[in-house]
Amino acid sequence: MNTVYLDSDASDDVRRQRLYSGQLFVIPPRPSTLALCEFAKGMIQEAFGSIDPLEAQYHMSVEQYVSIVSPLKPKFIHDPETKKLLRAMVADCGCDLNETYLDVPRLRMVTSDGYLTSGVGYAHHLHRDTWYSAPMAQLNWWLPIYGIESESSMAFHPAYWSKGVKNGSSEFNYYTWNSDGRKNAAQHIKTDTRKQPKSEEKMELDPQIRLIVPPGGVILFSAAQMHSTVPNTSGRARYSIDFRTVNLADLRSGAAAPNVDSHPVGTSLRDFVRGSDGTPMPEDVVQEYDNAPAAEGVLVYRPPTA
Ligand SMILES: [Fe+2]
C-alpha cells in the first residue's frame, strides 16, 4: 500500500519512519521552497538571455544548448546563496539541522522529445538511488522550478518497493564512478556510455504514480523507491532541483528503508555535511556503511567550478 501525505503536519521523526516504509510526502510550495526555486530560475533565465528556457531547444543546436546549461549546474551548486537557501528550506520543512546532513543540490534539465537525452540531460531509467551507493536511510527531495505536466514529470513504481529485481548494482563502485563517470557528463551529448547500475530484467512501468506539484512544491521520497524520469513529450523543457538528506540518529540506530536488491560497492555518505554548520559526516558512521577499500578511486566527488 502506498500513501501520499499531502501537506502533512507529521513531525520529521514520524515523516522519516513513513518514508522508510515506502510512503511519499508532498510539501506544497512555501516561501522557503519558492525562494530556492526563484534563485535557480534567475540563474537559468540569465544564462539563456532573451530565449525562453522552456523552449530554447527550438532555437539552437543541441551542442549550443549543452554549452549554456553545462556551466549552470556547477554555478548553482557552488553559489553560497544556494547553500543558504537550501539550509533555510530544510529547516523550514521541519528538519533539525543539527541531526540532518545534506548533500549539494543539483539542477537538472530534461528537454522535450529526445532533443538531449545523454550527459547533462540524462533521463533516468527505472532505478533506485540505493543501487548507486546511497545509504538505505537517504531521503530524496525533488522540486520543479517551472510548471510540469504528467508528460514531463517523474514516476514512482511502487510494486517494486518490496520486490527486488536482478540489477547491476554489485558491479557499481561509487569511488570509481566519482573518478570517471561524473566529471565526463558534459562530453556525452549524443549517447551516454557511462556504466550505470540498471535492472537486468524486464521492468513493468505500471502501476506508476506521478505527482504533479506546482513550482516550489516538494516531493519527498526514500532513496530505495523505484523511480524514473518520464520521457518528456510535453513540448517544453523541465528544470528541477533535487538534493538528498540523511539523519544522523537514524544512521547510528540503523533506521532505514528495507534493502531488497541494492549491493553497490562504496557509500555516498561522505558527500553529506551537517545542515547547521557544514561539519563532515563523522568517519565512524561512514565506516559502518563502507564496504570498499578506501584507496579505490575518489571518495568524495567535488563538482567542478563554473
Ligand atoms: Fe534517482
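Predicted model: local features only at pLDDT ≥ 70, side-chain atom pairs only at ≥ 80, totals over all residues.
In secondary structure you get seven helices and eleven strands.

**The chain as a whole**
- Buried residues make up 40% of the 306 residues in the chain.
- Take the contacts with a separation of 6 or more: 86% of them are between residues 24 or more positions apart.

**Nonpolar cores**
- The largest nonpolar core has 60 residues, and Ala-40, Leu-220 and Ile-241 touch the most other members.
- Helix H3 (residues 62-78) puts in the largest share of this core, with six residues.
- Apart from it there's another core, this one of seven residues, including Tyr-174, Tyr-175, Trp-177 and Leu-299.
- As background, nonpolar side chains tend to be buried together in soluble globular proteins.
- Back to Ile-241: setting aside neighbours within four places in sequence, Ile-241 is in contact with Leu-36, Cys-37 and Ala-40, with Pro-105, Arg-106 and Leu-107, and with Leu-143 and Ile-145.

- Strand S8 covers residues 218-222, and five of its five residues are buried.
- Val-218, Leu-220 and Ser-222 point one way from S8, while Ile-219 and Phe-221 point the other way; all are buried.
- Strand S2 (residues 24-27) runs antiparallel to S8 and is joined to it by three bridges, with Ile-27 standing opposite Val-218.
- Strand S5 (residues 139-144) also pairs with S8 in the antiparallel sense, over four bridges, and here Leu-139 stands opposite Ser-222.

**The three-stranded sheet**
- S7, S6 and S9 form an open sheet in the order S7-S6-S9, with antiparallel pairing.
- At the edges sit strand S7 (209-210) and strand S9 (227-229), each pairing on one side only.
- Strand S6 (residues 154-156) and S7 are antiparallel and share two bridges; the bridge partner of Phe-156 in S7 is Ile-209.

**Helix H4**
- Helix H4 (residues 80-92) has 13 residues and reaches 18 Å from its first C-alpha to its last, close to the 18 Å expected at 1.5 Å a residue.
- Its buried residues are Thr-82, Leu-85, Leu-86, Arg-87, Met-89 and Val-90.
- The buried residues of H4 pack against helix H2 (31-48) and H3, as well as strand S3 (100-102) and strand S10 (238-247).
- Just after the helix, Gly-94 takes a positive phi of about 100°.

**Glu-81**
- Glu-81 has its place in helix H4.
- Is Glu-81 buried or partly exposed? Glu-81 counts as partly exposed because it has 13 C-beta neighbours inside 10 Å, whereas a buried residue needs 20 or more.
- Glu-81 and Gly-168 are 87 residues apart along the chain, and their C-alpha atoms are separated by 38 Å.

Definitions and conventions: Residues numbered from 1 in each chain as written. Core = buried A, V, L, I, M, F, W, Y, C linked by C-beta atoms within 7 Å. Buried ≥ 20, exposed ≤ 12 C-beta atoms within 10 Å, placed from the backbone. Contact = placed C-beta atoms within 7 Å. Pairing = 2+ DSSP bridges. Expected span 1.5 Å × (residues − 1).
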